[in-house]
Amino acid sequence: MTEPQLDQQLLEPVRLSIVALLAATEWAEFAFVRDSVQLTDSALSKRISSLSETGHVEVRKGYVGKRPRTWIRLSDAGRDALSAHVAKLQEIAARAGRTTTRPE
């Protein structure tokens, strides 16, 4: 098993928030994600595109009645990336707690 690494996509706090939110859902509607992470449509769309390009999320478009809708979900690769990222952050935090020096 390889050592967990920080994921470059998840270093940006807003993308990390989006992925963490999606980890708790099967599929989430775009508007729900937008409102939950408090972004504009444009800002969320850019981040979702970036996460989609790297395989972290999957996007599905469709209609509810005559209204277009976009749904987003965390891919299996995105779920693995989030788990590894969080494990690495926990490792860094634990190491920082053990290496605290005291002033002389």
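Trp27 sits in the loop that joins α1 (13-23) to β1 (28-29). Helices here are DSSP runs of H or I with at least four residues, strands are runs of E with at least two, and both are numbered from the N terminus. The model is a predicted one, in which local features need pLDDT of at least 70, side-chain atom pairs count only at pLDDT 80 or more, and totals for chains, interfaces and linings use all residues. Residues are numbered from 1 along each chain as its sequence is written, and side-chain values use heavy atoms, with hydrogens and water left out.

Trp27 has a relative accessible area of 24%, so it is partly exposed. The scale behind that word calls a residue buried under 20% relative accessible area, exposed over 50%, and partly exposed in between, with a 1.4 Å probe and protein chains only. What does Trp27 touch, not counting residues up to four places away in sequence? Its partners are Glu58, Val59, Arg60, Trp71, Ile72 and Arg73. A contact here means heavy atoms within 4.5 Å. For Arg73, the C-alpha atom is 4.7 Å from that of Trp27, although the two residues are 46 residues apart along the chain.

The next step is the whole chain. The protein chain has four helices and three strands, and along the sequence they follow the pattern α-β-α-α-β-β-α. Its C-alpha atoms fill a box of roughly 70 × 30 × 20 Å along the principal axes. The radius of gyration is 17 Å, whereas a compact globule of 104 residues would have one near 13 Å. This radius is taken over C-alpha atoms, and the globule rule is 2.2 Å times the number of residues to the power 0.38.

Of the 104 residues in the protein chain, 30% are buried. The accessible surface comes to about 7100 Å², and carbon and sulfur atoms account for 52% of that surface. These areas come from the Shrake-Rupley method with a 1.4 Å probe, and for residues only the protein chains shown count as cover. Among contacts with a separation of 6 or more, 55% join residues 24 or more positions apart.

Now to the interior. A nonpolar core is a set of buried Ala, Val, Leu, Ile, Met, Phe, Trp, Tyr and Cys residues joined through side-chain atoms within 4.5 Å. The largest such core has 17 residues, and Ile18, Leu22, Val33, Leu44, Val57 and Ile72 have the most contacts inside it. Two or more residues come from each of α1, α2 (30-37), α3 (41-53) and β3 (67-74). Which element gives the most to this core? It is α3, with four residues. Val33 shows some of the links: leaving aside neighbours within four places in sequence, Val33 is in contact with Ile18, Leu21, Leu22, Ala28, Leu44 and Ile72.

Leu82 is buried because its relative accessible area is 11%. Beyond four places in sequence, Leu82 touches Leu10, Leu16, Val19, Ala20, Ala23 and Leu74.

Is Lys88 buried or exposed? Lys88 has 11% relative accessibility, so it counts as buried. Apart from neighbours within four places, its contacts are Glu3, Pro4, Gln5, Leu6 and Arg95. Arg15, in helix α1, also counts as buried because its relative accessibility is 18%. Arg15 touches Gln8, Gln9, Leu10, Arg47, Ser50 and Leu51, again not counting residues up to four places away.

Asp41 belongs to helix α3, and at 41% relative accessibility Asp41 counts as partly exposed. Outside the four neighbouring places in sequence, Asp41 touches Phe30 and Arg34. Asp41 and Ala31 are 10 residues apart in sequence, and their C-alpha atoms are 8.1 Å apart in space.
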